[in-house]
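Here are my notes on the side-chain contacts, for you to check against the coordinates.

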Amino acid sequence: MGSVGTGTQNKVSGGEEEETINVLITGFAPFRTDFPINPSWEIAKSLPEYLPPPPTPFRGIPGHVPPPGTATGTIPPNPTNPPIPLPKVRLLVHPSPIHVGYRAVRNLVPSLWHLDSPSTPKIDLAVHIGMAGPRGFYSIERRAHKSNYTMGDVDNNLLSDLDDESDPHPWQDLPEELLSDLDMEDVLQRWRDHSPPYSDLRISEDAGHYLCDFIYYSSLAHLVKNNPHERKRVVFLHVPSEASPAWVKVGRELCLSLVRGMVESEVVRRERGLKVEDHQEEVGEL
């Protein structure tokens, strides 16, 4: 996985190189008859190729009425973290919705991260998006689970059906839970700072033990197996099940503000690390 400090370098006028941070985005296909449209994919496919400048300010979608109980003012009048200058941020949306099946996800995830050939960009951050129930809040998941998947997928398979001698679990030696290495509290605060006041944005500790949880664990596990010393810069975003155009537009803006918060958090972390290194070098020269 790429480091935010060493994103893709692109030539610009004058021969200088401009850093580009590449963010992978995925969404799921429909999987329940009572929800024929999956808002996670509607949101993902609506995203622009590049992260736009921050709204000035974004205060919601005209004509969209926030759901009851969400107009609680999660944004302080003066944001804790005002927008900071960022490198160019490219949003790499997976070209099709993810099939809601355990085998499909297991087979797909490694290919999502092997995009660092000379002809494809290296992934620096990732956001997997999935649908939660009929609720009014949005949440980022802190942890993912390896086992206890008791619900069948759209192919009527359980995760345990895949674990036989001909198709062994590739991550059976990993912990039961894996956590993102992003500073979730910092990301949450920045996400709130860049979102409309009525937004109900949270950190969740339970991704649900279904395909949302499974793709999250699969990504985290793949990164651990591929390079145990690399930080796992990936989150899962759960969105409400409402898929009307107005709700999708809100979800789109909240996804963009989440990406901005993630990139900001990583850029600030990098800059602080560089300052520490510079200070250590200065002390060493004394």
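How many salt bridges does the count come to? The count comes to 17 salt bridges, taking a side-chain nitrogen of Lys or Arg within 4 Å of a carboxyl oxygen of Asp or Glu. Keep in mind that this is a predicted model, where local features need pLDDT of at least 70, side-chain atom pairs count only at pLDDT 80 or more, and totals for chains, interfaces and linings use all residues. Numbering runs from 1 along each chain as its sequence is written, and side-chain values use heavy atoms, with hydrogens and water left out.

1. One to look at is R270 with E19, a salt bridge at 3.2 Å, N to O. R270 belongs to helix α5 (residues 245-285) and E19 to strand β2, which puts the partners 251 residues apart. (Helices, H or I with at least four residues, and strands, E with at least two, are DSSP runs numbered from the N terminus.) E19 is buried at 15% relative accessible area, while R270 is partly exposed at 22%; the cut-offs are under 20% for buried, over 50% for exposed and partly exposed in between, with a 1.4 Å probe and protein chains only.

2. K45 is partly exposed at 47%, and E42 is partly exposed at 23%.

3. On the aromatic side, the structure holds six pairs. Rings of Phe, Tyr and Trp (its six-membered ring) pair if their centres lie within 6.5 Å, with planes under 30 degrees apart called stacked, over 60 edge-to-face and the rest tilted. F31 and Y210 have centres 5.8 Å apart and planes at 50 degrees, so they count as tilted. This pair ties together parts 179 residues apart in sequence, because F31 is in the loop between β2 and α1 and Y210 in the loop between β8 and α4.

4. Y102 and F214 are edge-to-face, at 5.5 Å centre to centre and 80 degrees between the planes. Y102 sits in helix α2 and F214 in helix α4, 112 residues apart, and both residues are buried. Ring pairs also link F31, Y102, Y149, Y210 and F214 into a cluster.

5. Two charges sit over rings, by the rule that NZ of Lys or CZ of Arg is within 6 Å of the ring centre and within 35 degrees of the ring normal. R202 has its charged end 3.7 Å from the ring centre of F137, and K88 lies over the face of Y50 at 5.3 Å.
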